Amino acid sequence: AKRVYIHKTTLNFIDAIYELFAPLLHGDRVEIVPHDSLGDVETIAAVIEDRRVSRIVLVPSLLRALLDLPDAATRLGSLRLCMSSGEALPGELAVRFRRLLPEARLLNVYGTSEMWDASVAKAGKDQDAASSVPIGEMLDGVGSAVLDRFLRPVATGVAGELYVSGHGVAQCYLHRPDLTAARFVACPSGSGERMYRTGDLVRRREDGGLDYLGRADQQVKIRGFRIEVDEIVALLMQQPGVRQAIATAIPSERGGSDLVAYVVALDDAAPDPRTLRQALAASLPRNMVPSAVMLVDALPLLPNGKVDRASLPRPAAAPSEPPQSELQARLCAAMAEVLCLPDVGIDADFFELGGHSLLAVNLVARMRQAGLQADARTLFRQPTLAGLAASTGGDK
């Protein structure tokens, strides 16, 4: 039987080239999803089912959305080969894929626009649900090096940045000599060969394969601290009831950015956001703990299947207990002013609302103006206004 591919990617994403030309060059058939339905999971599933599509290329976010559909095993039952690329492939997603579609193979393909595909790994039966699927070994003709920031090789098992060379690597960025010089660098061996600096962090395994660890530049800057959000996501994915998680910086009304995490629940076992935040606080420095953890039904996707971070919802202020005394009312007003919020209650947590050490100094100053002998250490021990008032003896 002729293999059937599906074209469901916007033309400005590299996967579209493979979806269109790879099958045609082999005499296979291509089923095209209507342009106005490229991001519609239901339409994609309908084309797969109706046209008996056997091969698909997709990012993990879209794969998850397809597997979440009712009767996914039936609707996607014609698939025999799935190639995942563009993002890290979570182990739990690979385990779900094998359970729902036991007749299909799942490959984790690694590559970028600057070098096309560079490596591939099969998601096997022994895949651990708690860890990402490795990106495997380099394809024939593709060289790799895992280097530190001084372009020195790192030892097996040590994280470093991935550089690739050989077949498929581009020559330059058109009319961008500055960017070309930064990303296409000379091999430190002195061979004259050029390598492409991928910006991806990897770790070489004992068997020679590579584990993907995240982006070297996947950092957000929160109040002067550079934060690797992948560390936050990794901890969230270890918590009970979490199916999917991301963390990102969003603009704050008081200037700068706030760190917010978004979680999709596993089945009906919705975790408590406060419990998740407490779990993060137990393992991470305070500056890496998100100011809010939000539960969402699904992460919004771009037409290419990647997460649309710009469409993520903003955290809403939770209802809180109103002040019970004149002193508490003054303290609530002070905290609201410092945090640039319309109002806060006496049970509101200063740090959960986005407070940090610099704002703590301002709040302590206002508390002292209210007649309380407060200091920053007290605020860190008792971050709610009710606790602050009680601990300083000002609300008896």
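Three strands form an open sheet in the order 15-16-17, with mixed pairing. Strands here are DSSP E runs of at least two residues, helices are H or I runs of at least four, and both are numbered from the N terminus. Two strands pair if DSSP finds at least two bridges between them. The edges are strand 15 (242–251) and strand 17 (292–295), each pairing on one side only. From one strand to the next, the twist averages 25 degrees.

This is a predicted model, in which local features need pLDDT of at least 70 and side-chain atom pairs count only at pLDDT 80 or more, while totals for chains, interfaces and linings use all residues. Residues are numbered from 1 along each chain as its sequence is written, and side-chain values use heavy atoms, with hydrogens and water left out.

Now take the pairings in turn. Strand 15 and strand 16 are antiparallel and share nine bridges. Here A247 stands opposite A261 in strand 16. Strand 16 (residues 257–265) runs parallel to strand 17, and four bridges join them. V260 faces A292 of strand 17. Y262 has M294 in strand 17 as its bridge partner. Strand 16 is largely enclosed by the rest of the structure, because eight of its nine residues are buried (under 20% relative accessible area; over 50% is exposed, in between partly exposed; 1.4 Å probe, protein chains only).

Helix 8 (residues 273–283) packs on this sheet and touches strand 15, strand 16 and strand 17. Its direction makes about 140 degrees with that of strand 17. Axes are lines fitted to C-alpha atoms, for helices over the stretch in contact, and angles run from 0 to 180 degrees between N-to-C directions.

Helix 8 also packs against helix 7 (residues 229–237), at an angle of about 120 degrees and with the axes 10 Å apart. I232, L235 and L236 of helix 7 meet L276, L280 and S283 of helix 8; contact means heavy atoms within 4.5 Å.

Elsewhere, E161 lies in strand 9 (residues 159–166). E161 is buried, at a relative accessible area of 9%. Its side chain makes a polar contact of 2.9 Å with that of R197. Such a contact is a pair of N or O atoms within 3.5 Å; within protein, one must be able to donate a hydrogen and the other to accept it, and residues adjacent in sequence count only if both atoms are side-chain atoms. Beyond four places in sequence, the contacts of E161 include A145, V146, L147, R183 and A216.
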